[in-house]
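Let's take a walk through the inside of a protein.

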Amino acid sequence: MAQYEMTASRLYSFLVVMAIVFTVVWTWNAQKPADDAQYKIADETISITNTWAHIANISELPHFTGSSGHAKVRDYLVNQLEELDLEVEVQTTLGLRSNYFVASTVSNIIAKIPATTPSKGNKALALMSHYDSANGYSHGASDAGSGVAAIIEATRAFLNSGLTHSNDIYIIFTDAEEQGLLGAQGFVKEHPLADKIGLILNFEARGSGGPSFTLLETNHGNKNILEGLVDAKLSNPTANSLMYSIYKMLPNDTDLTVFREEADINGLNFAFIDDHFDYHTAQDTPERLDASSLNHQISYLSALLPYFANSDLEKLTTNKDVVYFNFANIALYDYPFLWVLPISILVALVFLMMSISAINKRRIKLKSVLIATFPIILNIIFAIAIGLVGWHVLVWFYPQFNDIPQRFPYGGHYILATAILLTICMGFFTYQVFAKRFPSIRIVEWYLPIIALWIVINILIGIFLTGAGFFIILAVAPLAIFGNILRYRTTANRKVITYTLFSLPGLVIISPLIPTIVVGLGLPNLAIATIMTTMLLMTLLPIFFIIKGLRSIQLFCLAGAFISFVGIHLNADYSEDRKKPSSINYLYDTESNQARLFSYNQHLDSFVQPFFTLKDTDTSDLKGLVSDRTSRSAHYASQTKKLDIQPTNVVVTHSVDENDISQLTLKIEPNRPLNSIQIISDTPLDVFALSINQKAFDILGSRKQNNSVMYYVVTDMQPIEVKIKYRPDSQPAQLRLVETSRDLAQHFMQLTPRSEDIMASPFKVTDAVIISQVIIQE
């Protein structure tokens with residue numbers, strides 16, 4: 001920076017920089033407990049050894065709905081609950097999710113712990129997680145074996161603690177969550193206990209590590225639920241209302257969503273989301289589950305189970321919303337939503353009066369302030385370039401990043417670190433250049449437009465995103481520094497300490513969010529982290545104008561960025577611990593009598609290379625034979641020999657009424673073990689009614705279905721009957737039945753096992769035998 005009349009000593013400069021670095025590192029590490037943390041309910045310890053043993057048993061095999069491993073896990077869980085002397089019920093029903101026309105026979109596991117003292121209300125507490133794993137090869141250790149295991153062990157500790165409780169407690173392990181929340185739907189729609197539940201604690205995972213975040217599910221206000229979280233005295237509360245506000249705006253996809261939407265039941269989701277590259281993959285094993293993440297789930301249970309077991313759950317519903325945030329995961333703090341906009345306006349008025357006074361006293365020149373806006377604009381542009389362009393450059397340089405469907409490759413944390421450190425370097429560099437070019441501009445003039453920008457942002461937050469109201473700290477703290485610069489003349493050492501103390505709360509609250517948001521949204525959104533970094537860095541500007549050794553800090557950041565880039569490079573290639581996703585499927589069309597192989601791989605590898613060449617990139621002939629979702633991302637396709645497999649028997653009854661509405665009845669009888677049956681259409685359909693085995697989906701009027709009409713997850717070999725009333729949108733329709741079994745290796749002998757550095761692709765059908773047949777052509 002340019003030289004000013006006051007500069008802090010080297011010792012004070014060093015202490016300030018260390019305080020800032022320590023604060024950022026500490027707040028990040030403080031988000032979750034230690035690997036060896038222990039928790040108790042009363043005097044009874046929740047055994048981490050028992051919890052890991054449950055996870056090992058649950059995740060021994062992939063256990064997606066309908067698989068043999070799934071039935072084994074169900075039997076294990078029933079046995080474990082019965083060993084706790086609980087009466088266990090398995091609710092078996094046909095679960096329907098009308099949002100997507102998805103169905104399956106589900107088996108929810110339910111156990112009850114009766115209240116031991118007179119109830120304070122008529123509502124019960126429920127502990128919930130799902131016990132099915134993702135389709136295919138996922139072992140489901142994190143998602144959601146961790147939640148199931150933590151609930152079983154916490155229940156054991158609670159029962160042995162001798163604590164009394166005034167509420168009934170239900171343990172619910174839902175089925176077919178991964179198939180479309182079908183178990184939850186079946187429970188809410190059909191089980192009489194659904195009317196008795198007042199609060200659900202739901203445990204989930206979207207990766208294999210990181211802190212467990214708390215997300216509220218309510219149709220009402222959050223104030224009373226949050227008061228419960230505060231009163232329960234959580235040891236590592238990781239929660240804030242920004243995530244709550246964003247979560248309420250997004251199409252949520254957990255079992256709790258069904259309970260909230262269908263039965264107006266309040267709930268709390270607890271989920272860790274880091275190491276997203278393990279999500280839904282064969283790598284979701286106990287060995288890759290972070291012990292600290294598991295302990296974080298246990299910490300929530302140890303505090304909230306005994307608390308809400310004795311709370312009046314009928315009093316949780318309120319219309320009042322509050323802004324809340326955690327401070328270094330020590331405690332939660334909150335204030336009403338109604339305060340957010342007035343506080344921002346008040347801060348703006350105070351800032352305006354201080355600025356006008358300073359201008360009148362000629363301590364601030366408007367021309368200097370105008371010049372001071374340019375480095376802000378440039379820094380934001382540089383941040384966008386580093387985040388957005390930088391990600392695309394990395395993908396160009398390491399095209400294998402596109403192989404990871406979660407959009408968070410194995411070196412993702414190094415990518416985040418590199419981008420953030422480069423952004424910090426560019427921020428310093430920009431202000432050094434401008435300060436040298438305009439040495440007459442004072443610190444207060446450089447700082448004024450930064451404060452103004454943060455005030456404008458907070459006013460917009462108050463209008464459009466109230467849950468982020470705690471970002472006001474990034475306006476209030478700089479405003480305090482601004483006033484200190486204008487009013488007090490003291491030594492540089494005292495100034496830099498004062499400015500740092502003002503700034504630390506903002507660092508504590510905001511800095512952990514920067515990487516977390518990108519971890520949650522994926523690295524294509526890397527620019528969010530770089531923009532937030534540069535905006536946060538600018539609030540510290542007066543500190544960096546005063547301290548010595550700024551060039552050393554820049555060099556340190558550059559060295560850190562270089563080391564992080566080395567980490568990117570070292571983690572870019574695949575290995576036994578960083579497996580490459582790879583897929584292959586067999587598709588047979590009964591109408592054309594043609595068989596094909598296709599793959600979602602963007603790059604050929606040893607697993608699929610025997611079946612494709614680099615020229616086999618025309619996948620257009622897949623369109624219409626399978627759903628758009630199945631065919632859209634296929635990159636390779638080739639002709640192959642027909643396998644000796646008989647398609648499913650389908651008896652079709654079709655009629656058209658006087659209103660041109662088709663009535664179609666399908667009696668479907670599988671000839672082999674299947675995983676799914678899907679009905680697709682080559683043209684959009686207006687669907688007026690749809691039922692499976694006499695059970696109807698909820699349809700108000702009609703529903704336009706494009707391509708996929710119905711998806712049924714098969715759990716046994718029993719025949720099914722499907723009835724559809726529909727009208728083609730503009731032209732006669734052709735409907736197909738697409739059957740899928742994940743057993744290609746049993747039929748296609750040329751298929752060799754994957755090498756140790758390759759795994760089955762997640763999120764897509766893979767290693768499957770798919771047969772497509774026309775069932776009606778109008």
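Predicted model: local features only at pLDDT ≥ 70, side-chain atom pairs only at ≥ 80, totals over all residues.

In soluble globular proteins, nonpolar side chains tend to be buried together. Here, the largest nonpolar core has 103 residues, and the ones touching the most other members are F401, L416, W446, F470, F471 and F482. Helix α12, running over residues 412–437, gives the most to this core, with 11 residues. Pick out L416 and look beyond its neighbours within four places in sequence: you'll find it in contact with F408, P515, V518, V519, L523, L526 and A529. There's also a second, separate core of 61 residues, with L125, A154, A239 and I298 among them.

Now for the gaps. Rolling a probe the size of a water molecule over the atoms shows where empty space is left. Take the second largest pocket, with a volume of about 1300 Å³. Which residues lie nearest its centre? They are V21, V24, I420, L421 and I424, out of 39 lining residues. Helix α1 supplies the largest share of that lining, 11 residues, while α12, α16, α17 and α19 each supply at least two. By class, the pocket lining splits into 27 nonpolar, 9 polar and 3 charged residues.

Finally, there are 6 cavities of 30 Å³ or more. The largest cavity has a volume of about 150 Å³, and N240, N326, I509, P512 and L513 lie nearest its centre among 17 lining residues. Two or more of these lining residues come from each of β10, α15 and α16. The lining of this cavity has 10 nonpolar and 7 polar residues, but no charged ones.

How values were computed
Residues numbered from 1 in each chain as written. Heavy atoms only, no water. Core = buried A, V, L, I, M, F, W, Y, C linked by side-chain atoms within 4.5 Å. Buried < 20%, exposed > 50% of the residue type's maximum accessible area, 1.4 Å probe, protein only. Helix = DSSP H or I, 4+ residues; strand = E, 2+ residues; numbered from the N terminus. Contact = heavy atoms within 4.5 Å. 1 Å grid on protein atoms, 1.4 Å probe; cavity = no way out; pocket = protein on both sides within 12 Å on 5 of 7 lines; lining within 4 Å. Points joined across faces, edges and corners; volume = space filled by probe spheres on them. Nonpolar A, V, L, I, M, F, W, Y, C, P; charged D, E, K, R; others polar.
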